[in-house]
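Thanks for coming. I have one structure to show today, and I will keep it short. Please look at the screen.

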Amino acid sequence: MNANKDLNYAFALSRQCLRILGVWPDPLVSLSEFQRPNIRFIVVTCILCLYLIVPQMTNMILAWGDVSRMVEYLASVNIGLMALCKLFGTWYHGEALRTLMASVMTDWMTLKNNQERNTMLNIARHGRTLSFKCYMSFACLILFYIFFNLLKFIRNISQTQRSLVYRFNYPYNIQKSPNYEITFFTQLSSGVTSAFINCTVDSYISILLLHICAQLINLRTSLNNLVNELAKGFISSSRFKKGLAEITIRHEHLIRNAKTINECYSIVLFVHMLAATFQLCFESFQVFLIITSHRDVSIIKLAYLSFYFIFILTHLYIYCYSAERLLTESANMAYGVYDCKWYEISAKDAKNLMFIIYQSTVPLRLMAGKFGTFSLEMFGTTVKTSMGYLSVLLTLLD
């Protein structure tokens, strides 16, 4: 078994992308070096704020009263703020995530048999599939975003008054070359960066959750094997208690890891849930206006807005799926005790199994602040709510 290769299989893409953003919680880096803000993190944050969030927020305020324009500007601000929250949250909780990643590395390094490894690789494969879908939606979205804005750049390059990706009055002459070209492509990169941050952090969190799911499955299998060995007389009662103590300690450790993820990203995911709800509404609203008002809009922009909707929907789904899987596997620990051959061992030894049941009475959850739990039910509720907001916007438009 090659633990480093297996670990790389699970986290390679997330690790490289978070390194690009300057927020990878590397457990191999010394704590003193890790605590210093990375220059890449500072540059990305400045580009995101100065070339996307501030211009579009200003444009939204200036367009107050025009619902269609306000929604267009607010959609960009929304996705930018969502990305900024995730980036800052990952950096701010870097030390806790660094400890968590050290624990993940230990899990891969201390596998006991091929069965545990196969379980972890199988779950990691699900995580890679979710990441692939996440990055595919990102690639399709950015392809149309760049193509649409490059056409705009080509049309404007020979004009006297040239427009930017996001209209804004900077404290320098943007019409003068190379100021215009630099500003245009910096704004273009800010839009790409916002989608890239959302994609990277979302896939990273989902892989972490699925890793804990794999550990819970392995723990449940170990518990079942331990009880079976005692029932068949292969081990003594003292050996059983020692093994059960190790499983209980390991279970507590996994519970702490799950709570660490929730504590690090709970507020961020509350912002994500709200932003995703409004974003689905905004994109649907823009597509609806284009179709019903028969506007002269290029097929590229319509495709861009459609992929935007799919992008938000995909990211919301991977959170809900991973959180639902975590909730199910944590609850299954209690059912695993019930399913093992506890009735074939002594009553004294069977009573010790109650520790596992007690620890599993409250399933592990990924919370959106303190207002909701991510699950497949939340996925449906969020989509339904966003369509409700859409009807409100259409009413305001009328």
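**A surface patch and a helix pair**

I will start on the surface: a nonpolar patch is formed there by Ile39, Ile42 and Val43, and together these residues have about 260 Å² of accessible area. Keep in mind that this is a predicted model.

Where does Ile39 sit? Ile39 is in helix α3, which covers residues 39-62. Is Ile39 buried or exposed? Its relative accessible area is 58%, and the cut-off for exposed is over 50%, so Ile39 counts as exposed.

Now the whole protein. Along the principal axes, its C-alpha atoms fill a box of roughly 90 × 50 × 30 Å. Of the 398 residues, 52% are buried. The accessible surface comes to about 19,200 Å², and carbon and sulfur atoms hold 62% of that. Among contacts with a separation of 6 or more, 80% are between residues 24 or more positions apart.

Helix α9, residues 299-339, packs with helix α12, residues 376-397, at an angle of about 150 degrees, and their axes are 8 Å apart. That angle makes α9 roughly antiparallel to α12. Which residues meet between α9 and α12? From α9 there are Phe309, Leu313, Leu316, Tyr317, Cys320, Tyr321 and Glu324. On the α12 side they meet Leu376, Phe379, Thr382, Val383 and Met387.

That is what I have.

Key. Residues numbered from 1 in each chain as written. Predicted model: local features only at pLDDT ≥ 70, side-chain atom pairs only at ≥ 80, totals over all residues. Heavy atoms only, no water. Patch = residues over 30% accessible without salt bridge, like charges linked within 9 Å, V, L, I, M, F, W, Y side chains within 5 Å. Areas by Shrake-Rupley, 256 points an atom, 1.4 Å probe, with all protein chains shown as cover. Salt bridge = Lys/Arg side-chain N within 4 Å of Asp/Glu carboxyl O. Helix = DSSP H or I, 4+ residues; strand = E, 2+ residues; numbered from the N terminus. Buried < 20%, exposed > 50% of the residue type's maximum accessible area, 1.4 Å probe, protein only. Axes fitted to C-alpha atoms, helices over the stretch in contact; angles between N-to-C directions. Parallel < 35°, antiparallel > 145°, perpendicular 65-115°, else oblique. Contact = heavy atoms within 4.5 Å.
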